[in-house]
Amino acid sequence: MNNDTRINEGLAHEVVFPAEQDYHGHPNYLKIYFALLFLFGISLVASYIDNFMVMVSIVFLASAMKALLVINYFMHLKWEPLILQIMIYLALFTLTALIVGVYSDIPMVTHDVYRP
Amino acid sequence: MDTHKKHGFWHRYFFSLDHKDIGFQYLLTAMFMAAFGGFFVYVFRYNLAFGPNDIPLYGDLAAKQYNQLVTNHGAIMIFWVGMPILLAVIGNFLIPIMIGTDDMAFPTLNKISYWVFLLSCFVLLAGFMMPTGAFGGGWTMYPPLSVSDFGYNNPNTTFWTNFFTGNTFFLLAVALEFISMLMGGINFVVTTLNKRAKGMSLMRLPLVVWMVNIANLLFMFSVGPLIAGAFMLLMDILVGTGFFDAYRGGDPILWQHLFWFFGHPEVYVLLLPSIGAVGEIISTFSRKPLFGYKMVILMVIIAAILSLVVWAHHQFVSGIDPGAANIFSLLTIIISIPFAGMVLSYLGTLWKGNIRFETPMLWALGMLATFTFFGGFTGLHLGSNVFDIYAHDTYFVIAHFHYTLFPTVFLGGFAAFYYWFPKFSGRMMNKTLGLIHFWGTFIFFNSIFIPLFWLGLQGQHRRIYNYSAWNDLLMQPEHIMARQIATVSLIFLLLFQFVFLFNFFYSIKKGKKASKNPWEANTLEWQTDSPPPHGNFDPYPVVQRWPYDYNHPEKELDYCPQSEI
Amino acid sequence: MNTKQLLKPTMKDIPQGRLGMWLLIAGEFVIFGGLMVSYLLYRMRYEQWAEMASHTNVILGAINTFVLLTSSYFVVKAHQAAQRKDSKKITMYISLTILCALIFLVVKITEYSQKLHHGFTFSGKELAASGKAIESSYWGFYFLMTGLHATHVVVGAIVLFIVMQGARKGKNYHRIEIAGLYWHMVDLIWIFLFPLLYIAH
Amino acid sequence: MNIFPESISQIGSEMDKLFWIITAVVGIATVITLFLFIYPIVTRKRNKTKEEMYMVGNSHGKRKWIYIGMILLFLGDMYILLKEHPIWESVEQTLPDPDFKIAIIGKQWMWNIIYPGPDGKLYTDDDIMAYNELHVPVNKVVHMDIKALDVVHSVFLPQARFKQDALPGRTITRWIKLNKTGEYDISCAEICGTGHSIMRGTMYVEDFNTWKKTMANIYKK
């Protein structure tokens, strides 16, 4: 299988990668930059919407897309091997697990303090 | 670079970049801390059995000191003995020579991580010299107890009076230890992924390397929330914020979630390297290929991911939502299944094997037996949320987690130690002393904790200085007797460790010379000299096959090393 | 460019420095994520916090977001230049990035001084004394998260500066990319801090 | 030598039964595993056939044994969950109508017990506070509002097989129904500082008439 053969080429002891012979390409960064600014503008405009839920969902969607743009193109995660991408998104999974597990204990519990 | 450079003593033990020396430094430091942990447990067990007055080697014990000793015993044994031995020592010493490379990916980072670890040890011990005494609120340091005398609750404290307290130092020590382990963990993973020898594909890695790396990744992903929580708790203590103060909108249960979200994966972080080493040993000494190598790895990955979502079984009675508790109970009981698969494939390795009873094999079998039959199976009792209502915070829990952690850290750790000692010292260990050490440890370990199971079922709850207040419930003659049995066996257990110390220092000086491959094992580290020279291999090996090719039908010898053509 | 683009790279193609930085970044995500999760949980519980969140200065936050996005763009341009070993461009872009970092910190400091001037302190003792006990811990989160992020900005700027010196002497070009990754992470964290603390009220 | 202390509540006996059920499941698993563990050690010298010994275990034929073992354990787990879930539901997730309500407040290092005043309602001005003494009627459903004043405590009634942490900042309501009169312990199961080991209350389970008398005496005071 492809992975195995490539690994068996054995680049074991001379792992020096001069930056210029790097395998990922270079997208048009200016375009991405303007896309980021556009999303940023959207979230700013959205912050004037009165309906809280709509506003929050728009804003967080925008920032999630911003984050994806940065992590995929500026940080070139898109070009990294799959194992690494899985590792990074595993961090997201742990946080989701945490917030789901705790949700029923803090937001849903009424906070009352006993003062004698 | 010249691979066979000799270093002077000073350079070797203080400023060395060589992964073997750093592993040795970790080992010595961990043994030093283990001495503290063992002394603490001796003191408070003696108090529980024979009363607090004039304890030999200590004197009188007050309730405050009792809490401090219990707390620090737990923290030391887990963070300053278990993690360095099972992650740092095994990882540092074994990973580079098992994947057939010269050193870690980042040797300097490796050295720094050791020095941070050493610093954390000193910070922890310095906590005992603080005016308020060491921290004594349980190693889980639940707020508000860990904040109660400081910060906002005590107006006449300043930043610095809050800083120089046992609580702050405990917290800082744990944080430093985490940072050091994170640095080490990144180092291990990068080394394994990036510096493998020619032909060492991922499916040809020895099991223990897999396990150490999975454990490191698990640690990396689970420790973050706790570090965040530690920042919050530190601020609560130092500048009086209200993150966990119920009277200012905080919620103590948040800390419990953040803590156990790390605290449960932590158990597997400790377990995986140890059980990986046990797998190596069992496969070597039963002269058989490891049964279902790929499946074991798959099971471990499944268990690791599951372990991220079972944390709340430590909190069934701590006021969490009962509906959620059902789900956590289900997941907890389910998680026993991948481990069953793992244990069964180890037993499949033993099956019809041509077993050789060397010392490491005894330790490995002892670890497997105690961990499975007592540690693992009592996990089902506690995983069921109904019985946990009664057993939670009793000695049943204590016996349970000691039956998981003691085999993991000490039985497994000693197995690995006796197995790889010839490699890192170049000399064999004395077998008779090894056997004495094993039987002494094994028998007395069991006779400590089996009485504690019964005491727990009798309703004896944790962290109690003395039980005189529960006269008719817990002070009957049989209870007192059970406590005394446990304590006496503990003292014997500690005494038998001196046999090990003597064996260690005697063999490292005068033991008989070890050959390259004394156990006739396959993995790469046995193909170089023992001890390996600086730079490990000359020339670098080229891997031909997976590591467990014992008794291959075509081969004449009953083993064929990985690098053999 | 070269054949490596054609087939999916394996782990061994990653320079180990970059791999280590990625793992560090994953760890940092989980740490900051833990803080954000805790904040979110409390925020969903207390309505009173919305009124506190409206005290944060959206304008300054927006300026900071813009500055960080721009600096990210400069860093990635510097990385592109590093692959052409173009020391001049590297120096220019990284100096611009560090300039952005300085602007960010200045804005942050003015913001903090405003907050302290309005009596919103880290410990929130004053609010608690004035009967707003529950609101007080909002400012704990505000200062803890932004302060922790600001320390990352400082560290990132220093690292970039050191790396730039190396690039000017014409060696260690690949470090530009690694330091750049760290800087992008700082930007990513802010992308989420901004709506959490400033907009959502 | 008895395994458990005497059980004074309906839940208690069920919980003990559950313990034995789990122990039985575990015991079967132990017997099987122990055989797999001992047998190769006892018979280790017998076989020398290499085909038999070179068993990689990547073929389904060999691996099916492991799958079988895992499935057996899974069935055992499901049986345990089946047995335990109704008990959990009745203990924690349902609140039968109370005959009597009290509040237990943990505080370093004592239990404050609040009885409703003559009006029979809690948290009114005529409430009566007692220290470390809990009087409950036998065979009656008693609701307990569990709170804490300073740090985390845990109400632990060993004989009633009841435990619930008390946290500052929230009220947790649980119920007990005891079927045996006598004096029993109230322990604190969560470490709460230096006095943790002296934090003990007494629960007096009395039949209804004596209990009425005691309450009357308490009201007088």
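1. A:F93 sits in helix 4 of chain A, the helix that covers residues 82-103. In this predicted model, A:F93 counts as partly exposed because 14 other C-beta atoms lie within 10 Å of its own, and the buried class needs 20 or more. A:V113 is 20 residues from A:F93 along the chain, and the C-alpha atoms of the two are separated by 34 Å.

2. Next, the nonpolar core. The largest one has 337 residues, and the members that touch the most others are B:I90, B:M211, B:A215, B:A364 and B:A415. Helix 7 of chain B, residues 207-238, gives the most to this core, with 25 residues. Which residues does B:A215 contact, leaving aside its neighbours within four places in sequence? They are B:L87, B:Y268, B:V269, B:L272 and B:P273.

3. On the chain pairs: 5 pairs of chains touch, and the pair with the most contacts is B and D. Chains C and D do not touch, their nearest C-alpha atoms being 11 Å apart.

4. The contact between chains C and B takes 29 residues from chain C and 30 residues from chain B. On the chain C side, helix 1 (16-45), helix 5 (125-129) and helix 6 (133-168) each supply at least two residues. Helix 1 of chain C has the largest share of that side, 15 residues. By type, the chain C residues that touch chain B divide into 16 nonpolar, 11 polar and 2 charged.

5. Chain D has 4 helices and 10 strands. From the N terminus, the order is α-α-α-β-β-β-β-β-β-β-β-β-β-α. Chain D is more spread out than a compact globule, because its radius of gyration is 26 Å, well over the 17 Å that the globule rule gives for 221 residues. The C-alpha trace of chain D spans about 90 × 35 × 35 Å along its principal axes. Of the 221 residues in chain D, 38% are buried. Among chain D contacts with a separation of 6 or more, 66% are between residues 24 or more positions apart.

6. Within chain D, 5 strands make an open sheet of mixed pairing, in the order 3-2-1-5-8. Which strands stand at the edges? Strand 3 (128-131) and strand 8 (172-177) of chain D do; each has a single partner strand, so one side of each is left without a neighbour in the sheet. From one strand to the next, the twist averages 30°. Strand 1 (residues 100-107) and strand 5 (residues 141-148) of chain D run parallel and are joined by 7 bridges. D:K101 stands opposite D:H143 in strand 5 of chain D.

7. Strand 6 (residues 153-157) and strand 7 of chain D are paired in the antiparallel sense over 5 bridges. They form a hairpin with 4 residues between them, and D:R161 in the turn has a positive phi of about 55°. D:F156 has D:K163 in strand 7 of chain D as its bridge partner.

8. Is strand 7 of chain D mostly covered or exposed? Strand 7, residues 162-166, is mostly covered, with 5 of its 5 residues buried. Side chains in a regular strand alternate between the two faces of the sheet. In strand 7 of chain D, D:F162, D:Q164 and D:A166 point one way, D:K163 and D:D165 point the other way, and all are buried.

Methods
Residues numbered from 1 in each chain as written. Chains lettered and ligands numbered in written order. Predicted model: local features only at pLDDT ≥ 70, side-chain atom pairs only at ≥ 80, totals over all residues. Rg over C-alpha atoms; globule rule 2.2 N^0.38 Å. Buried ≥ 20, exposed ≤ 12 C-beta atoms within 10 Å, placed from the backbone. Contact = placed C-beta atoms within 7 Å. Nonpolar A, V, L, I, M, F, W, Y, C, P; charged D, E, K, R; others polar. Pairing = 2+ DSSP bridges. Axes fitted to C-alpha atoms, helices over the stretch in contact; angles between N-to-C directions. Core = buried A, V, L, I, M, F, W, Y, C linked by C-beta atoms within 7 Å.
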